[in-house]
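Look over the sequence and the fold before reading on. The paragraphs below go from the whole chain to single residues.

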Amino acid sequence: MSELTLTVMRLGFLAVLWLFVIVAVQVIRSDLFGTRVTQRAAVRRPEPQAAQPRRQPRQQPSGGRGGRQRRGAPTKLVISEGSLAGTTVALAGQTITLGRAHDSTIVLDDDYASGHHARIYPDQDGQWIVEDLRSTNGTYLDRMRLTVPTPIPPGTPIRIGKTVIELRK
């Protein structure tokens, strides 16, 4: 082998070795300090609210008063345990995504939550449905691991890792 080929191979090996070290340090850093929760979720909230007036007129003719007359229908999502305990989100008919990813509606800083862990959405009957998005550690509805989209009774705890969420009136 020529001296030039050997030098190029050494430099290539050194570059791959440094790339490995940098990736390893980033993984260790994220495990030690967790994911950074930014205010990007707060900036994105006006977008669904801007879309609400378009959705609400479609919902009101079919069940505008019917939705208010239905007793026991939840109006808010409350986080009762976990790092976001005490947080309340108004249910306005849009899909709520939960997970560690920054594009989730509710960003969970929980080691047991997946990037895109679960979603909560309304069906045509006005009932709220929880669906596990093939998460690693699962989503639990009152101690039962979810395998299919399931209706959520108001007040029933939904557990994602250390985070507990409930739908309330």
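What share of the contacts in the protein with a separation of 6 or more comes from residues 24 or more positions apart? The share is 40%, where contact means heavy atoms within 4.5 Å. This is a predicted model, in which local features need pLDDT of at least 70 and side-chain atom pairs count only at pLDDT 80 or more, while totals for chains, interfaces and linings use all residues. Residues are numbered from 1 along each chain as its sequence is written, and side-chain values use heavy atoms, with hydrogens and water left out.

Start with the overall layout. The protein has three helices and 11 strands. These are DSSP runs numbered from the N terminus: helices are H or I with at least four residues, strands are E with at least two. Along the sequence the pattern reads α-α-α-β-β-β-β-β-β-β-β-β-β-β. Of the 169 residues, 28% are buried. Buried means under 20% relative accessible area, exposed means over 50%, and partly exposed lies in between, with a 1.4 Å probe and protein chains only. The accessible surface comes to about 11,700 Å², and carbon and sulfur atoms hold 56% of it.

Now the helical part. Trp-18 sits in helix H1, residues 3–33. Trp-18 counts as exposed because its relative accessibility is 53%. Trp-18 belongs to a nonpolar surface patch whose members include Leu-11, Phe-13, Phe-20 and Val-25. Together the patch residues have about 940 Å² of accessible area. Patch members have over 30% relative accessible area and no salt bridge; like charges are joined within 9 Å, nonpolar side chains (Val, Leu, Ile, Met, Phe, Trp, Tyr) within 5 Å. A salt bridge is a side-chain nitrogen of Lys or Arg within 4 Å of a carboxyl oxygen of Asp or Glu.

Next, the sheet. Five strands form an open sheet in the order S4-S3-S5-S6-S9, with mixed pairing. Strands S4 (106–107) and S9 (150–151) stand at the edges with a single partner strand each, so one side of each has no neighbour in the sheet. Two strands pair if DSSP finds at least two bridges between them. S3 (residues 96–99) runs parallel to S4, joined by two bridges. Leu-98 has Ile-106 of S4 as its bridge partner. S5 (residues 118–122) and S6 are antiparallel, with five bridges. There, Ala-118 stands opposite Asp-132. Five residues lie between the strands of this hairpin, and Gly-126 takes a positive phi near 90°. On to S9: two bridges join it to S6 in the antiparallel sense, and Val-130 stands opposite Thr-150.

Two loop residues follow. Most residues other than glycine have a negative phi. Arg-134 has a positive phi of about 55°. It lies in the loop between S6 (128–132) and S7 (140–141), and counts as exposed at 81% relative accessibility. Asp-142 also has a positive phi, about 50°. Its loop runs between S7 and S8 (144–145). Asp-142 is partly exposed, at 48%.

Finish at Glu-166, in strand S11 (residues 163–168). Is Glu-166 buried or exposed? Glu-166 counts as buried, because its relative accessibility is 15%. Beyond neighbours within four places in sequence, Glu-166 contacts residues including Lys-76, Ser-80 and Pro-157.

How values were computed:
Accessible areas come from the Shrake-Rupley method with a 1.4 Å probe; for residues, only the protein chains shown count as cover.
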